[in-house]
Each structure stands twice: as C-alpha cells, then as structure tokens.
Amino acid sequence: MTDPDPFRVIFVCTGNICRSPMAEVVLRALSVQNGLGARVVSRSAGTGDWHVGERADVRTLDALSRRGLDGATHRARQFSAASFSENDLIVALDRTHERILRAWARSDDDDGKVTLLRAFDPHASSMDVPDPYYAGPAMFDSVLGMIETATRGLFAQLEPAVRASHRRLA
C-alpha cells in the first residue's frame, strides 16, 4: 500500500514576509518533531503581490532564530485561486485575510477550508494576530509567541487524524 497524500496547510497574511512565514515554519517544526514531517505540508502566502520572491523580513528571521527555528529558505508568494485546490486547510492570520479569502472562494468547499489561526488558541483575547511590520523586534517576538500557541493548538487537532490515516495504510 502507498502512503496517503500529506495534509496540506497554507497560512495567509498580507505580504507573506512576517506572520504567515512564522506560522509555516512553526507548523513544519512541530510536524518534524512529532514524526509527521512527511505527512504534513506547511506553506504560506500573502493576499498581496508586492513582496513576491522576497525573503521573509529580517525581523521575522531573527525572531524565528531566537526560538531555534529557521526561515531562511522562505520566499514570499501570493495566494491564488489554485491555492484552494492545492491545500486542505487555509489558515488566515487575521479577520481581514479571512474576509478576503472567503470572497475569493469559488465554492462552498473552498470556503469551508478557511479558518483563523487564533481559533486554535482557547485563551486568545482576539482572533487577529497583529501585524508586526511597523513595529520593532519585541513585537515580532510577541507575535511569534501568539503564532506558536495557536499553531500548537492547530497541530493538536490535526495530529490524531494524520496519524490515523497513516496507520490505516501501514
């Protein structure tokens, strides 16, 4: 028997250089640490195109590095219509992104894939992960902490289903 397709998650923010790359790297690291690196694909994209091809913001890379995470290979990309079919779960970093993604959805299936990252944090005071772009390094660290907490909650929900699908074929 062959392994099932991996579960594909894409995180979406504005320019794909701050918040969504953080979430992408955090989910990838959690998946690898828990033996599911080949079973969960973590990606990210932006709603806008002005940073396409650029590396993550240096403050994003520094915040990740301080946590022992590496975002050096990230290159910004824009979310596209194809992103709906290429991913199983589409995770918006704030309600503005969620509204944009739902407006772009072409079907109920597309719309049903969209969720907010902080919905996976039962203690979140807001559903929005604030944009640290116009702030200093401390804000990037704070935002990364929010993303780590919510992404752990997301992973906790995904892990049993991903493991079960893998075991059924073993």
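Predicted model: local features only at pLDDT ≥ 70, side-chain atom pairs only at ≥ 80, totals over all residues.
Student: OK. Is Phe 79 buried or exposed, then?
Tutor: Phe 79 has 4% relative accessibility, so it counts as buried. Phe 84 is also buried, because its relative accessible area is 1%.

Student: How many aromatic pairs are there?
Tutor: The structure has three aromatic pairs. One of them is Phe 79 with Phe 84: the ring centres are 5.1 Å apart and the planes stand at 85°, so the pair is edge-to-face.

Student: And how are Tyr 133 and Tyr 134 arranged?
Tutor: Their ring centres lie 4.9 Å apart with the planes at 90°, so this pair is edge-to-face. Tyr 133 counts as partly exposed because its relative accessibility is 30%. Tyr 134 is at 80%, so it counts as exposed.

Student: Which residues do ring pairs link into a cluster?
Tutor: Phe 79, Phe 84 and Trp 104. Trp 104 falls within helix H4, which covers residues 95–104.

Student: Switching to the fold. How many helices and strands does the chain have?
Tutor: Six helices and four strands. Read from the N terminus, the elements go β-α-β-α-α-β-α-α-β-α.

Student: What order do the strands take in the sheet?
Tutor: S2-S1-S3-S4, in an open sheet of four strands with parallel pairing. Strands S2 (40–46) and S4 (114–116) are the edges, each pairing on one side only. From one strand to the next, the twist averages 30°.

Student: How many bridges join S1 to S2?
Tutor: Seven bridges, and the two strands run parallel. Within that pairing, Val 12 stands opposite Ala 45 in S2.

Student: Which strands does helix H1 touch?
Tutor: Helix H1 (residues 19–33) packs on the sheet and touches strand S1 (7–13) and S2. The direction of H1 makes about 175° with that of S2.

Student: What about H4, which strands does it lie across?
Tutor: H4 lies across S1, S3 and S4. Relative to S4, it runs at about 175°.

Student: Back to S2, since it is an edge strand. How many of its residues are buried?
Tutor: Five of the seven, so S2 is mostly covered by the under 20% cut-off.

Student: What radius of gyration does the chain have, and what would a compact globule have?
Tutor: The chain has 15 Å, and a compact globule of 170 residues would have a value near 15 Å, so the two agree. The C-alpha trace spans about 50 × 35 × 35 Å along its principal axes.

Student: Last one: what share of the contacts with a separation of 6 or more comes from residues 24 or more positions apart?
Tutor: Those residues account for 76% of such contacts in the chain.

Terms used
Residues numbered from 1 in each chain as written. Heavy atoms only, no water. Pairing = 2+ DSSP bridges. Axes fitted to C-alpha atoms, helices over the stretch in contact; angles between N-to-C directions. Contact = heavy atoms within 4.5 Å. Rg over C-alpha atoms; globule rule 2.2 N^0.38 Å. Phe/Tyr/Trp six-rings, centres within 6.5 Å; stacked < 30°, edge-to-face > 60°. Buried < 20%, exposed > 50% of the residue type's maximum accessible area, 1.4 Å probe, protein only.
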